[in-house]
Amino acid sequence: VAFGAPVPEIPELPGIKLNGVMNATEFLTKAKTALAHGTPQPEVKGATVPVLVLGGSDTAIDVARSVLRLGGKPIIIHRREEKFSRARADEIIEAENEGVEFRFATNLVKLEGGNGKLEKAIIAKTHQKKPGTAPEIVKGTEQAIGTSLVVLATGYKLEPKFAKLFKLPIRQPTKDSLFPDRHWVASGIFSQGSTAGNLAWER
């Protein structure tokens, strides 16, 4: 059984239920259709405020690069420092080259709006002592960013009823130390002469 983890993790934050907040799967499904059919997305294309993408995974980068293709300005808000990011280093570099803005060591504090509609996000800097610890908010660093769309790429979890039925998840005993550091992952290293290959060799 390869059921996957289809339920989005939604952070418990003030304003998270405002109109203008959606999960990554919802956004990417909508973006795929819009790009395939050339459907305008007024909340993205030509918007005077950026689209905020909360999370630091490869999914967050997929969302941000889709925002670019739809004509918007994406900003990835990632609570970890770049050196502790779980996103692939090559994905980060290629996204930056394409125009994605990253704000590492930053987290979302709350969302604010009027009449049930999102208007701005309050973010703050974070500090993380080591890879295994959770980043902590640095008091006094809060700032507001105007936005009408926040996409949550904050992870997924098992369907509770399914997990309970099979006593999941089954934890793997393998230690993280047996896996290579993600900074050594070099997608496209055998694509000689291509843009992806050149970036891989630079890394």
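Which side chain meets that of Glu91 in a salt bridge? The side chain of Arg65 does, at 3.4 Å from N to O. The legends below start from this pair. This is a predicted model, in which local features need pLDDT of at least 70, side-chain atom pairs count only at pLDDT 80 or more, and totals for chains, interfaces and linings use all residues. Residues are numbered from 1 along each chain as its sequence is written, and side-chain values use heavy atoms, with hydrogens and water left out.

**View 1. Arg65 pairs with Glu91 and with Glu98.**
A salt bridge here is a side-chain nitrogen of Lys or Arg within 4 Å of a carboxyl oxygen of Asp or Glu. The Glu91–Arg65 contact joins helix 3 to helix 2, so the pair ties together parts that are 26 residues apart in sequence. Helices (H or I, at least four residues) and strands (E, at least two) are DSSP runs, numbered from the N terminus. The Arg65–Glu98 bridge spans 2.7 Å, N to O. Arg65 lies in helix 2 and Glu98 in helix 3, so this pair ties together parts 33 residues apart in sequence. Arg65 is buried at 18% relative accessible area, whereas Glu98 is partly exposed at 32%. Buried means under 20% relative accessible area, exposed over 50%, and partly exposed in between (1.4 Å probe, protein chains only). Arg65, Arg69, Glu91 and Glu98 are linked in a network of salt bridges.

**View 2. Helix 2 and what covers its buried residues.**
Helix 2 has 12 residues and reaches 17 Å from first C-alpha to last, close to the 16 Å expected at 1.5 Å a residue. That expected span is 1.5 Å times one less than the number of residues. Its buried residues include Ala60, Ile61 and Val63. Their cover includes helix 1 (24–37), strand 3 (51–54) and helix 3 (89–98). Ser66 is buried too, at 13%. Beyond four places away in sequence, Ser66 touches Phe27, Leu28 and Ala31. Contact means heavy atoms within 4.5 Å. Just after the helix, Gly71 takes a positive phi of about 90°.

**View 3. Val21 in strand 2.**
Strand 2 covers residues 21–23. Val21 is buried, with a relative accessible area of 17%. Leaving out residues up to four places away in sequence, its contacts include Leu111, Leu118 and Val150. The C-alpha atoms of Val21 and Leu111 are 9.3 Å apart, across 90 residues of chain.

**View 4. The Lys120–Glu112 salt bridge.**
The closest N and O atoms of this pair are 3.4 Å apart. Lys120 is partly exposed at 34%. Glu112 is partly exposed at 25%.
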